[in-house]
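Reader: I've just opened this one and could use a hand. Can we go through it bit by bit?

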Amino acid sequence: MTTRAIVSVWNGVEELAQAAADKMSRLMRQAIEERGMCSLVLAGGETPRRVYQKLAGAAHSGLVDWGRVQVFFGDERMVPAGHADSNFGMAERELLSRVPVPVEHIHRMQGERSAVDAATLYEQELADVFGEPVPRFDLITLGVGEDGHTASLFPHTPSVLEVKQRVLGYFVPQLNSSRVTLTLPVLLNARSILFFAAGRRKAEIIRRVLSAVTPTADLPASMVLPHNGALEWMLDAEAAALAPGVRTDA
Ligand code: 6PG
């Protein structure tokens with residue numbers, strides 16, 4: 001993988017989550033200082049969940065002017081907002097209901113619709129907010145699956161080849177269900193991308209992604225190399241245990 005990626009390693013998931021929340025709030029403050037607003041994309045998944053808990057916690061209260069943050073989602077499962085599998089539902093429980101973000105600044109993917117309809121509506125929502133062909137998000141957060149997927153870009157699906165649509169709703173054969181996801185042109189246009197991963201189960205995929213010489217559709221996470229933005233992988237020591245050139249005690 002590109003030497004442009006920063007890899008940072010923390011002792012355990014608790015430390016990782018704290019450092020990731022600190023980093024998020026720094027980047028959000030910076031965007032607000034420089035441009036008056038911050039556009040933030042949230043990920044689903046267990047590690048991001050731990051990060052959002054920290055970001056919502058006392059240590060961060062008052063650090064971010066949430067009235068100036070616009071919140072978006074990287075992907076969504078086709079379930080209603082109140083469902084346990086909803087990425088929006090998780091973010092709402094852990095973060096959005098605990099910080100003073102205006103409700104009209106929360107842009108969720110409509111998982112209760114068909115994937116194609118949800119994608120069309122989200123494309124429209126992005127166009128309404130950004131008014132430019134490909135939005136340039138200030139900060140995109142992402143997780144990574146053990147198969148190398150990120151957001152809902154799954155290996156060898158049409159999602160990794162999509163260049164026209166900014167949002168794609170499609171059937172994921174590996175899951176036998178549909179997902180809606182931001183596409184690579186949007187991810188690659190971000191100002192800053194933070195990947196979060198923790199735990200021994202992630203060690204092998206992290207090794208593969210961080211040693212990939214060129215981006216490959218086998219590993220969609222390896223394709224996330226922003227054109228003109230910063231990229232950081234924030235890992236706990238277990239997830240980083242097999243990563244090339246990273247020393248950990250795990
Ligand atoms: C989702 C995601 C997905 C997730 C990774 C990592 O909705 O599934 O957005 O890309 O971030 O699968 O999730 P874990 O941290 O739970 O392994």
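Reader: Let's begin with W233: buried or exposed?
Author: Quick background: this is a predicted model, where local features need pLDDT of at least 70, side-chain atom pairs count only at pLDDT 80 or more, and totals for chains, interfaces and linings use all residues. Residues are numbered from 1 along each chain as its sequence is written, and side-chain values use heavy atoms, leaving out hydrogens and water. Buried means under 20% relative accessible area, exposed over 50% and partly exposed in between, with a 1.4 Å probe and protein chains only. W233 has a relative accessible area of 0%, so W233 is buried.

Reader: How are the rings of F195 and W233 arranged as a pair?
Author: Rings of Phe, Tyr and Trp (its six-membered ring) pair if their centres lie within 6.5 Å; planes under 30 degrees apart count as stacked, over 60 as edge-to-face and the rest as tilted. The structure holds five aromatic pairs. In this one the centres are 3.9 Å apart and the planes are at 5°, so the pair is stacked.

Reader: And how many residues apart in sequence are the parts that this pair ties together?
Author: Helices (H or I, at least four residues) and strands (E, at least two) are DSSP runs, numbered from the N terminus. F195 lies in strand β8 (residues 192-197) and W233 in strand β9 (residues 230-236), so the pair ties together parts whose separation in sequence is 38 residues.

Reader: Is H149 buried or exposed?
Author: H149 has its place in the loop between β5 (139-142) and β6. Using contact as heavy atoms within 4.5 Å, H149 touches G143, V144, F154, P155 and P220, not counting residues up to four places away in sequence. Its relative accessibility is 19%, so H149 counts as buried.

Reader: Which residue lies over the face of F88?
Author: A charge sits over a ring if NZ of Lys or CZ of Arg is within 6 Å of the ring centre and within 35 degrees of the ring normal. Here, at 5.6 Å from the ring centre of F88, the residue is R108.
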